[in-house]
Amino acid sequence: MNKFMVLVVEDDKLIQNLMATTLDIHNYRYLTASSASDALLQITSHNPDVIFLDLGLPDMDGVDLIRKIRTWSATPIIVISARSEDADKIEALDAGADDYLTKPFSVDELLARLRVTQRRLAASQGTLPSHIFENGDLKVDFAAGTAYLGGEELSLTPIEYRLLCLFCKNIGKTLTHTYLTDAIWGGTFDSDLASLRVFMASLRKKIEKDTTHPQYIQTRIGVGYRMNRV
Ligand code: CA
């Protein structure tokens with residue numbers, strides 16, 4: 001039995017059953033909740049390892065629920081929602097979600113996201129070599145897992161931080177869309193390219209003074225992105 005415990009927060013019984021069955025087949029432990037109040041109860045009493053969260057819940061907006069959870073818990077939250085606008089995704093990520101999957105999703109995608117989260121949790125328990133990266137006002141302390149801009153600590157989601165690290169470690173090189181989605185999600189589904197765009201937009205909002213004329217990370221249209229030495 002996989003010790004990993006997933007909380008599925010979803011009021012649509014069909015989708016909730018599909019996710020529960022998928023988790024069960026792959027030997028994950030799981031809990032279900034059909035409302036925000038159910039979810040809060042399950043989180044406080046069972047402390048799950050990861051939360052799958054639908055944004056459209058009967059008693060509270062999912063984004064408000066994320067904010068509430070983040071006041072006391074750092075448990076990874078993967079939003080699974082029918083809202084497909086980039087603005088909705090960015091709002092959920094800003095509120096503290098770790099990752100995003102748009103409905104309809106495939107079971108393989110769901111499992112891929114879960115494996116990445118597991119790997120990240122395992123890696124965060126290991127030790128990293130001490131190394132400080134600096135470029136202009138941007139500074140990353142790889143050992144501490146923190147990034148700074150002009151001396152101020154940046155509040156980055158885990159995926160934004162990993163993206164930033166990839167660019168820092170490959171400064172001056174163009175990283176293709178495929179390279180990035182593979183490094184972050186372990187594969188390249190069509191939806192990963194859309195997610196990459198969302199995460200790049202939210203990362204840029206945090207590190208660039210003017211996102212329409214980015215200083216640090218340049219877009220190579222149709223190819224990928226590159227961090228410039230400034
Ligand atoms: Ca719903």
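Predicted model: local features only at pLDDT ≥ 70, side-chain atom pairs only at ≥ 80, totals over all residues.
Student: Which residues touch the most other members of the largest nonpolar core?
Tutor: Out of 54 residues in that core, Ile66, Val140, Leu163, Leu164, Phe167 and Ile217 do. A nonpolar core here is a set of buried Ala, Val, Leu, Ile, Met, Phe, Trp, Tyr and Cys residues joined through side-chain atoms within 4.5 Å, and buried means under 20% relative accessible area, with exposed over 50% and partly exposed in between (1.4 Å probe, protein chains only).

Student: Which element gives the most to this core?
Tutor: That's α6, with eight residues. The core also draws at least three residues from each of domain 1 (2-124) and domain 2 (132-227); those bounds come from an automatic or database domain assignment.

Student: OK, back to Leu164. What does Leu164 touch?
Tutor: Not counting residues up to four places away in sequence, Leu164 touches Leu138, Val140, Ala147, Leu156, Leu203, Ile207 and Met227. Contact means heavy atoms within 4.5 Å.

Student: New topic: in what order do the four strands of the open sheet come?
Tutor: They run β6-β7-β8-β9, with antiparallel pairing. β6 (132-135) and β9 (152-153) are at the edges with a single partner strand each, so one side of each has no neighbour in the sheet. Strands pair if DSSP finds at least two bridges between them; strands (E, at least two residues) and helices (H or I, at least four) are DSSP runs, numbered from the N terminus.

Student: And where does Val140 stand?
Tutor: Val140 is opposite Ala147 in β8, and Phe133 is opposite Val140 in β7.

Student: What's between β6 and β7?
Tutor: Two residues, in a hairpin; Gly136 in the turn has a positive phi of about 60°.

Student: Switching to helices, at what angle do α7 and α8 pack?
Tutor: Helix α7 (residues 177-185) and helix α8 (residues 190-207) pack at about 90°, with axes 10 Å apart. Axes are lines fitted to C-alpha atoms, for helices over the stretch in contact, and angles run from 0 to 180 degrees between N-to-C directions.

Student: Which residues of α7 meet α8?
Tutor: His177, Leu180, Thr181 and Trp185 do, and their partners in α8 are Asp192, Leu193, Ser195, Leu196 and Phe199.

Notes
Residues numbered from 1 in each chain as written. Heavy atoms only, no water.
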